[in-house]
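Hello,

Here is the structure I promised to pass on to you. Please have it open while you read, and my notes follow just below it.

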Amino acid sequence: MNFNWRWDFTFEILPRLLWATLNTLMAAGVGYAIAVVLGLVLALAQRTEFRPLTLLAREFVEFIRSTPLVLQIFFVFYVGPQFGIRLSPWVSGMVAIGLHYSAYLSEVYRGGLESVPKGQWEACTALNMTSRQTYFRVIIPQALPPSLAGMGNYLVGILKDTPMLSVIGVAELMHTANAIGSESYRFLEPYTLVGIIFLAISLPAAGLIRLFEIWVRRKLGMR
Amino acid sequence: MEDMSEYPLELSGDNVPMVRFMNVTKSYGALVVLDKLDLEIAAGEMVTVIGPSGSGKTTVLRMLMTLETINGGVIYVDGQPLTHMPKGGVLVPADARHLRKIRASIGMCFQHFNLFPHMTALQNCMEGPVQVLGLSKQVARERSEELLDLVGMIDKKDQHPSRLSGGQQQRVAIARALAMRPKVMLFDEVTSALDPEVIGEVTNVIRKLVSEHNLTMLMVTHQMGFARDISDRICFFFGGRIEEQGPPDALFENPQRDRTRQFLSAVKEAV
Amino acid sequence: MQVSYWEFLQTYGARFLDGTAVTGIQFLFASAVAIVVALIAGLGKLSSNPLIRGIAITYIEIFRGTSLLVQLYWIFFVLPLFGITLPKFAAGFLSVGMNVGAYGAELVRGAIQSVPKGQWEAALALNMSPAQRMRRVILPQAFLLMLPPWGNLIIELLKGTALVSLISVADLMFQSKQINASTYLSAQSFGTALIVYYILARFLVTPFMRWLERVMARRLGRG
């Protein structure tokens with residue numbers, strides 16, 4: 001057994017890994033921002049009366065959810081240049097991961113919207129509200145709290161999926177650990193540290209999301 | 001297709017009813033819920049619909065609120081067609097804009113209240129006046145507080161629905177509907193979801209409305225005694241049609257039809 | 001670019017098929033691992049023995065708190081330092097199975113806990129041993145409850161197997177990457193793989209899970 005943890009090496013590489021963690025957080029944040037908006041578009045598209053649009057959005061969501069993210073990342077990164085569009089690793093990575101998670105978030109929104117009782121829609125009709133007023137003043141505020149848990153899970157999910165961006169050379173945490181490994185031929189410390197850093201972020205995140213959910217519910221006066 | 005030329009573009013004359021169902025048919029697939037219904041409600045009249053479940057009585061209210069589309073016939077409100085609009089000299093199915101215009105004169109209270117849970121009692125009442133009628137917040141607040149006072153809920157105006165009992169929620173819901181100043185009020189089994197001991201607080205509010213305000217009201221209820229006390233007319237529905245109708249005392253004391261008698265005696269036994 | 005898609009398929013179809021076969025085997029092995037791990041960890045988390053419970057919780061939190069890619073690299077590159085060297089094929093399906101098993105454990109636990117309390121009490125009243133209660137009364141009912149969410153999880157597992165290509169297991173993803181590298185026909189290479197994954201998920205795995213749900217429901221007299 002050649003297991004020996006070297007603390008000096010650990011402290012040598014830690015700053016580099018922590019710096020890369022910032023990139024990881026940024027990638028997750030930007031990807032999530034894309035997914036939050038695009039997911040709403042996909043969810044609302046599936047509620048329109050226009051059948052072709054509804055079917056197209058539904059099938060798109062199914063397709064994205066049935067195929068591996070890592071393959072989608074490769075696809076976005078390599079297919080562009082074939083048709084003369086060059087996207088940087090960062091841009092293609094954000095597009096791929098944002099698109100991927102928008103499909104999942106659209107399902108969360110859909111569930112939230114469907115959880116609002118039918119009587120709420122009817123009360124809006126009885127008050128003669130427009131469909132815009134109905135959505136923005138009554139339905140979405142109520143669809144939000146039940147969606148928050150799912151939205152939070154996917155925020156953590158997107159964070160944990162950012163290591164896949166290393167395959168096209170986005171300099172996030174995993175990519176940096178790989179680089180350290182191939183420079184020093186030591187894998188124990190970098191890969192273990194990556195695991196610990198992810199744990200250190202994702203474990204408290206679950207609790208924070210739960211607190212946020214409670215806060216929003218209270219803010220809206222709902223139990 | 002129905003021949004729409006037999007329906008007038010609007011009702012005119014001296015005694016235009018506030019609500020007029022003309023030949024209204026509603027079906028779900030093969031199941032006919034309402035069969036060529038004709039019903040007139042005069043301005044200021046209080047009409048109660050009774051009947052066994054499945055007789056189509058709730059559907060009457062829901063169609064008038066445009067929560068259900070109709071399969072035949074026309075509904076008029078205050079002389080104007082609700083479900084249809086005139087176009088090129090005949091009636092065609094109403095578009096969203098027309099519906100919104102005519103629907104403004106109708107208000108409704110539901111069995112399960114349907115208050116907005118993320119708004120306080122006062123905010124629930126102000127929502128329609130501010131957002132839909134475009135009133136200033138000041139005016140809407142005054143109007144809403146006045147109505148919450150009328151239903152005896154003024155001291156709970158800043159509570160969210162989850163903090164209120166069923167009877168309290170229903171009273172707020174009545175105030176919310178009244179805040180839109182409708183000409184016609186619909187009450188759809190407003191006491192059915194309530195505990196027996198709080199039914200009175202809701203029926204008392206409706207009694208007050210009948211005696212103090214000149215509203216046209218259409219109500220579906222299982223409270224026979226209450227219906228008899230306050231209604232100008234009772235309609236007994238059976239199998240999607242009006243089986244019998246008339247003044248409450250006549251209908252309850254001296255029903256003319258077998259089905260009415262059977263229904264009334266079954267209800268009496270249950271009490 | 002001059003090559004038609006038909007010609008492309010004639011030339012590389014066999015390699016896509018080989019890759020699909022490897023993906024299929026990885027999928028089956030990883031599923032088996034995931035189910036076993038999920039049962040053990042799920043039951044372990046409900047154990048009254050604090051040591052067993054602690055181990056199960058630690059396992060679940062570590063594997064859910066970090067990402068599959070990190071776990072895969074750790075098992076393949078770091079575990080040998082502890083004297084455990086796995087062939088890449090085994091490292092692949094073990095990582096995927098253990099990762100998905102941690103999520104599955106939560107489904108097992110949740111399903112067992114949502115079997116009505118009266119069922120436990122009825123089994124106790126019949127003087128069944130704890131093992132009998134679990135095996136004869138609770139698990140069959142819990143199994144039916146957790147099948148629908150397992151359907152989603154198994155799709156995640158199928159997609160997860162694509163990552164084994166990153167330690168050079170010659171699965172579908174790996175083959176499409178190789179073909180892309182030698183032909184530069186990215187849309188065709190990655191597009192074909194996307195379609196194959198989509199077909200596997202949508203027309204094989206999902207219908208199978210639905211079928212299983214129906215069969216199990218009928219067995220429990222709820223069909």
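**A buried residue in chain C**

C:Ile179 counts as buried because it has 23 C-beta neighbours inside 10 Å. (A residue is buried if 20 or more other C-beta atoms lie within 10 Å of its own, exposed if 12 or fewer, and partly exposed in between, with C-beta atoms placed from the backbone.) This residue sits in helix H7 of chain C; helices (H or I, at least four residues) and strands (E, at least two) are DSSP runs, numbered from the N terminus. Leaving aside neighbours within four places in sequence, C:Ile179 is in contact with C:Tyr12, C:Arg15 and C:Ser189, where contact is having C-beta atoms, placed from the backbone, within 7 Å. In sequence C:Ile179 and C:Arg15 are 164 residues apart, yet their C-alpha atoms are 8.7 Å apart in space.

Before going on, a word on the model: it is predicted, so local features need pLDDT of at least 70 and side-chain atom pairs count only at pLDDT 80 or more, while totals for chains, interfaces and linings use all residues. Residues are numbered from 1 along each chain as its sequence is written, and chains are lettered from A and ligands numbered from 1 in the order in which they are written.

**How the chains meet**

Which chains share the most contacts? Of the two pairs of chains in contact, that is chains A and C. Here 32 residues of chain C are in contact with 31 residues of chain A. On the chain C side, helices H2 (50–65), H3 (68–78), H6 (130–160), H7 (172–183) and H8 (186–219) each supply at least two residues. H8(C) gives the most, with nine residues. By class, the side of chain C that touches chain A has 22 nonpolar, six polar and four charged residues. (Ala, Val, Leu, Ile, Met, Phe, Trp, Tyr, Cys and Pro count as nonpolar, Asp, Glu, Lys and Arg as charged, and the others, Gly among them, as polar.)

For the other pair, 23 residues of chain B are in contact with 18 residues of chain A. Helix H2 (96–103), strand S8 (106–109) and helix H3 (121–132) of chain B each supply at least two residues to the side of chain B that touches chain A. H3(B) gives the most to that side, with four residues. That side of chain B has ten nonpolar, ten polar and three charged residues. Chains B and C do not touch, and their nearest C-alpha atoms are 27 Å apart.

**A helix of chain A**

Helix H3 of chain A (residues 69–82) has 14 residues and should span 20 Å at 1.5 Å a residue, which agrees with its end C-alpha atoms being 20 Å apart. (The expected span is 1.5 Å times one less than the number of residues.) Eleven of the 14 residues of H3(A) are buried, so this helix is largely enclosed by the rest of the structure. Among them are A:Leu69, A:Phe74 and A:Tyr78. The buried residues of H3(A) pack against helices H4 (89–115) and H6 (131–161) of chain A, together with H7 and H8 of chain C. Just after H3(A), A:Gly84 takes a positive phi of about 80°.

**Inside chain B**

Chain B has nine helices and twelve strands, and buried residues make up 46% of its 271 residues. Along its principal axes, the C-alpha trace of chain B spans about 55 × 50 × 40 Å.

What is the strand order of the open sheet of six strands? The order is S8-S9-S10-S3-S11-S12 (chain B), with mixed pairing; two strands pair if DSSP finds at least two bridges between them. S8 and strand S12 (241–246) of chain B are the edge strands, each pairing on one side only. S8(B) is joined to strand S9 (residues 184–188) of chain B by four bridges, and the two run parallel. Within that pair, B:Ile106 stands opposite B:Val184 in S9(B).

An open sheet of four strands in chain B has the order S2-S1-S4-S5, with antiparallel pairing. Strand S1 (residues 19–28) and strand S4 (residues 72–77) of chain B run antiparallel, joined by five bridges. B:Thr25 stands opposite B:Gly72 in S4(B).
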